[in-house]
Amino acid sequence: MKFTSRPTAVVIGLTLAAATLAGCSEEASGGGGGGGAEAGACAPEDVTLVGQVRNESNPYEAAWLDGGDAFAEQVGLTQDRLTYDGDSTRQQEQISQLLAGDTECLVMNILPNGDSDTPPIVEGAEEAGAYLVTQWNKPADLNVADYDQWLSHITYNGVESGKQIGDALAEAIGGSGGIVALQGILDTGAAKDRFAGLEESLAANPDVELLDDQTANFSRAEALEVTKTLLTKHGDDLKGIWAANDDMALGALEALEQAGRTDVAVVGIDAVPDALTAIEDGTMTATVSSDGPWQGGIGLAIGFCVATGELAAEDITDEDRAWFAEQFLITSDNVADFSSPQTDEADFECDNVFSRSQGAIS
Amino acid sequence: MTSPADADTEVVVAPRPRPRRGVSLGDAGPPIALVVIFAVFSLLSDDFRTLGNVQNIMDAAAVLAVVTCGISFVLMMGSIDLSAPGVMGASAIAVSLLVANNRNDNAYGLLGVLVALLLGSALGCLSGLALVSLKVPSFMTTLGVSAVGLGLATLMFAGVQPNIRDDMLDSWAVQRFLGLAYLTWIAVACVLVGWLIQRYSRLGRYAFAIGGAEEVLALSGVKVAPYKVAVFTLAGTFYGLAGVMVTSQLSAGLVQAGKGYDFAAITAAVVGGTLLTGGRGGILHSAVGVLLVTVLTNGLVQVGVSPYWQGGVQGLIVVAAVAAAVLPQRRRNQVTK
């Protein structure tokens, strides 16, 4: 055992040090025990704003947190930026830690990692009395109106966005010709909905033929390889590439460049900065924006309005508890408006927070 | 009449018994599998057997080949290496920030590439040092180093995607020589260098010996630890280069540049006949494995297998290929549970 004793001691020492540090920081952020805040009882300066996304290495989610900062600045506060690296366990730990602290005037704008991560977050917030807005992911059978502290759930209609870019692609290739689809991770709702949207678009454009559909798992590198293979398979029959997100569209653009093809139209979804640049340059045809900065601000705005009493939770209609937000098709015509994403203060006024609703989630 | 001196000379020049290296019947499994799979896809699809698609397969195999070169040395030694995603991510972001790019005014060109490779070496060295000095299993140390690499990459990434504007690096993916992209030639060179190291350097031979019987080597007075560190450093350098190659292909530095390459490379190496128990296989075996895996991915798309089925079908074929490849060595394999 002699040879292991020193490393073991080091490890134990480090663990203890880490535990002590963690204890200190927990104490610092702790204080008042949570529980059942009266709606509207908070002074604006007492509100804590928290935005949580997967990681800041994703331009869209980084822009989301920037939007949250913009809103916080608007009301004279700062936002706590939390990221959990797409790790469900870490997300739950961060939430538990938050809810163990002072939750009286806590407002959380959360991007749950997956559908199944939403219920524990909701239960936790309900119990602790924190104001919660979630986006993108929730199980279909979990009803927001059954909870008091879960103010709203916002998502986007993937069928609609898949159809929008499908139509834009059909128009770009002159209404007829062969296209291929690069699907996302096949067992995600986003991938299924977006592809269903493409199928709707194909039904409306009978001369556009879907030559092939493959998955590239929302990844730029995989899309590069798959597109290269599809280019050799279909050659000049290929007129357009429909990608379920911009990362894959950008991978497809690289493959086209390497193959020396300039006659193929490419569309994607998400409006990441590189895709907007590509649309400006004319190499990409269209993308769809959910407006990340707005998403980062709006969740905090709804929570802030309820916490400060400007908006009463019981006045939020059932349609506004779980809703589809407006998304924007970006082409070369309007790309300039989106290339430097900014938030509009008017969107976050308390009587305006639901203005982008496209209807309740059915 | 022979003088005693002549007799001595004869003894000295007597051929010493050579250890069995090179090709034996048992090693022929993977190449045969490659030929069979290639033939089957060629029969099934007109598009598959075109020259353009063969070029495409070679180009697609380039990055995986370089990663597999690195991982093969570690596997030969009987260790395992899961650090590829982190090392590749760190080197991808590093190189994209050092050559001409949209984030800063750097334009170091080839020097930037070299720094990225050195970063890969350093991270590999870290894996090796943690393995030999802390006696942590390589499985854990390399997983940790992967996390360190991803952490470094995320720090350097700082929320804005670095896009490269360096003509040289861009041209590696686009320009062709004898029908293959420059990147593919880089991969071919790596396989060649890897093979030379394995065959002719002390490092390569000791890597084999460590995998075969580390205790025997240690008892015969060889200090094993420095060679282990050197092997991990070499592997890290290969991953660093692979990160640079992905950056060249995508024209952008991605934190996720190496996502999935750890297990893809281990799969390729094992399919090619480099066993996880160590002491078997080598760079050329692994190169065959890389081609096998790439042909499979390409062929399933060309033949038109539905994407919903591809993952499962690919897995089945890989398991079958491994089973066929290791059949002649079954007794040895029983140690792996």
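This is a predicted model: local features need pLDDT of at least 70, side-chain atom pairs count only at pLDDT 80 or more; totals for chains, interfaces and linings use all residues.
The domain assignment divides chain A into domain 1, made up of segments 44-156, 291-326 and 341-360, and domain 2, which covers 158-289. Taken over C-alpha atoms, the centres of domain 1 of chain A and domain 2 of chain A are separated by 31 Å. Four residues from domain 1 of chain A and six residues from domain 2 of chain A form the contact between them. On the side of domain 1 of chain A that touches domain 2 of chain A, three residues are nonpolar, one is charged and none is polar.

Strand 5 of chain A (residues 150-155) is mostly covered, with five of its six residues buried. Strand 5 of chain A pairs in the parallel sense with strand 4 of chain A (residues 131-135) over four bridges. Within this pairing, A:Ile154 in strand 5 of chain A is the bridge partner of A:Gln135. Strand 5 of chain A also pairs with strand 11 of chain A (residues 322-325), again in the parallel sense, over three bridges. Here A:Thr155 stands opposite A:Phe324 in strand 11 of chain A.

Strand 6 of chain A (residues 177-183) is largely enclosed by the rest of the structure, because five of its seven residues are buried. Strand 6 of chain A runs parallel to strand 7 of chain A (residues 208-215), and seven bridges join the two. A:Ile179 lies opposite A:Leu210 of strand 7 of chain A. Together with helix 6 of chain A (residues 189-204), strands 6 and 7 of chain A make a right-handed β-α-β unit. A parallel pairing over five bridges links strand 6 of chain A to strand 8 of chain A (residues 238-243). In strand 8 of chain A, A:Ala243 is the residue opposite A:Leu182.

Between the chains, 28 residues of chain A are in contact with 29 residues of chain B. On the chain B side, the elements giving two or more residues are helix 3 (51-76), helix 6 (138-157), helix 7 (167-174), helix 10 (224-250), helix 12 (283-303) and helix 13 (307-326) of chain B. Helix 3 of chain B gives the most to this side, with four residues. By class, the residues of chain B that touch chain A comprise 14 nonpolar, twelve polar and three charged.

Methods
Residues are numbered from 1 along each chain as its sequence is written. Chains are lettered from A and ligands numbered from 1 in the order in which they are written. Domain bounds come from an automatic or database domain assignment. Two residues are in contact if their C-beta atoms, placed from the backbone, lie within 7 Å. Ala, Val, Leu, Ile, Met, Phe, Trp, Tyr, Cys and Pro count as nonpolar, Asp, Glu, Lys and Arg as charged, and the others, Gly among them, as polar. A residue is buried if 20 or more other C-beta atoms lie within 10 Å of its own, exposed if 12 or fewer, and partly exposed in between; C-beta atoms are placed from the backbone. Two strands pair if DSSP finds at least two bridges between them. A crossover is right-handed if, with the strands pointing away from the viewer, the path from the first strand over the helix to the second runs clockwise.
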